[in-house]
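The following note sets out points for a colleague who is examining the structure. It is arranged as numbered paragraphs.

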Amino acid sequence: MSITATEIVLPGTVEPEGLLTTHRELAAPKPGQALIEVEATGVSFAEQQMRRGKYYDQPAFPFVPGYDLVGTVAEVGSPAEAGLVGKRVAALTKVGGWASHVLLNSADLIEVPAELPADAAETFVVNGITAWQMLHRYAKVRAGQTILVHGANGGVGSTLVQLALAAGVKVIGTASARNADQVTALGATPVDYRGDVVAQVRALAPNGVDAVFDHVGGPGIVDSFNLLAPGGTLMAYGTASTKDDTGNSRLPVLKLFARLMLWNVLPNKRSAHFYNIWTGQRRATAFRRKLTTDLTAVFALAAKGDLRPQIAARFPLTQAAEALTLAESRTVTGKVVLLPAR
């Protein structure tokens, strides 16, 4: 059967109110595909960059944004996959998630535990994969260590804090003064990013921290690296400080790459990495296996209550402009969620 999907389209470099609500007929799924009725999607930092034309490898305008989603399988294209119908699943999409219905490859779907509501599960898809892989596949944190998380009240930041604490790691988290209480409630020690961050962190960890997670980039990345203890790891995963800069959108990332590479060849007993969730995508089978393993581990912790979903606000899909505006205000803790069924 065919179905009419409601989609939010990003037509170009516009303010949030420039988003368009459109309707498009989707064909029935082909073999290997599944039709997903989207229950929850969300606003990530990627969409904030995309509307400025600043995301590193975004598609040409116009397109439907939406980095990830959670939904129910409504129909499949192959009788062999009939068992998927009716199951709640999550998917990492990069684009296309801001819609009521989406056609996806069945192999890209990851089952969501029945205990997790769709909006809660949504907060852990891109954020959970990112946080889990940086902590456990790259930095390899261990119980008893101390880490610094920049933007600890954000979507990825709040997930990093909780996953680290679940692993027995002490967390220092930067945030604005107005969000300090939320960072404390998560279990981290707050640091005001508008103050002297280096001095504040040194007072809490005189010998340095074992890992720093930095989505800001820019000149402050030097302070992040210098705060590492011997053997420490810097995980850079964005260049938020340059989101409003004009010019080539790839240049800040390339400059950051070059700096990290230089640090890695110097005899400083510390390491630096740039995290990209899509690394290894060309080896599709291994890539999907890794995503499934890591997100399943995150979902298991959330289902047990060891991770608490940080939902900043919920909006109907058709109010994506308001949702994006709120996410960009930097006044909330967690992730802004869009609910197509509302």
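**Notes on the predicted model**

1. Lys269 counts as exposed, at 70% relative accessibility. This residue of the predicted model is placed in the loop between H8 and E13. Although Lys269 is not a glycine, its phi is positive, at about 60°. Most residues other than glycine have a negative phi, and most peptide bonds are trans.

2. Two further backbone features deserve a check. Lys140, found in the loop between helix H3 (126-138) and E8, has a positive phi of about 50° and is not a glycine. Phe61 and Pro62 are joined by a cis peptide bond, with omega about -10°. Pro62 is found in the loop between H1 and E4.

3. Helix H8 covers residues 251-265, which makes 15 residues, and its span from first to last C-alpha is 22 Å, close to the 21 Å expected at 1.5 Å a residue. Its buried residues are Pro252, Val253, Leu256, Leu260 and Trp263. Viewed down the axis of H8, these buried residues fall within an arc of 95°, so they line one face of the helix. An α-helix has 3.6 residues a turn, so residues three or four places apart point the same way. The buried residues of H8 pack against helix H7 (220-226), strand E12 (228-236) and strand E13 (271-274). On the face turned away from the buried side, H8 carries the exposed residues Lys255, Met261 and Val265.

4. How many salt bridges does the structure hold? The number is 13. Lys94 and Asp57 form one of them, with their closest N and O atoms 3.0 Å apart. Lys94 lies in the loop between strand E5 (88-92) and strand E6 (101-105), and Asp57 in the loop between H1 and strand E4 (68-76), so this pair ties together parts that are 37 residues apart in sequence. Lys94 is buried, at a relative accessible area of 15%, whereas Asp57 is partly exposed, at 35%.

5. A salt bridge also joins the side chains of Lys335 and Asp68, at 3.1 Å from N to O. This pair links distant parts of the chain, with Lys335 in strand E15 (residues 335-339) and Asp68 in strand E4, 267 residues apart. Both partners are buried: Lys335 has a relative accessible area of 3%, and Asp68 has a relative accessibility of 0%.

6. Asp108 and Arg288 meet through their side chains in a salt bridge of 2.6 Å, N to O. Asp108 lies in the loop between E6 and strand E7 (110-111) and Arg288 in helix H9 (residues 284-304), so the pair ties together parts that are 180 residues apart in sequence. Asp108 is partly exposed at 27% relative accessibility, and Arg288 is partly exposed with a relative accessible area of 27%. Elsewhere, a network of salt bridges links Glu15, Arg51, Arg52 and Glu328.

7. Leaving aside neighbours within four places in sequence, Glu47 is in contact with Gly42, Pro65, Gly66, Tyr67 and Trp98.

8. Val149, in strand E8 (residues 146-149), is buried at 0% relative accessibility. Beyond four places in sequence, its contacts are Gly157, Leu160, Val161, Val171, Ile172, Gly173, Thr174 and Phe213. The C-alpha atoms of Val149 and His215 are 9.1 Å apart in space, although the two residues are 66 residues apart in sequence.

9. Ala323 belongs to helix H10 (residues 320-328) and is buried, with a relative accessible area of 0%. Leaving aside neighbours within four places in sequence, Ala323 is in contact with Val43, Phe315, Val336 and Leu338. Ala323 and Gly42 are 281 residues apart in sequence, and their C-alpha atoms are 8.7 Å apart in space.

Terms used. Residues numbered from 1 in each chain as written. Predicted model: local features only at pLDDT ≥ 70, side-chain atom pairs only at ≥ 80, totals over all residues. Heavy atoms only, no water. Contact = heavy atoms within 4.5 Å. Helix = DSSP H or I, 4+ residues; strand = E, 2+ residues; numbered from the N terminus. Expected span 1.5 Å × (residues − 1). Buried < 20%, exposed > 50% of the residue type's maximum accessible area, 1.4 Å probe, protein only. Arc of directions from axis to C-beta. Salt bridge = Lys/Arg side-chain N within 4 Å of Asp/Glu carboxyl O.
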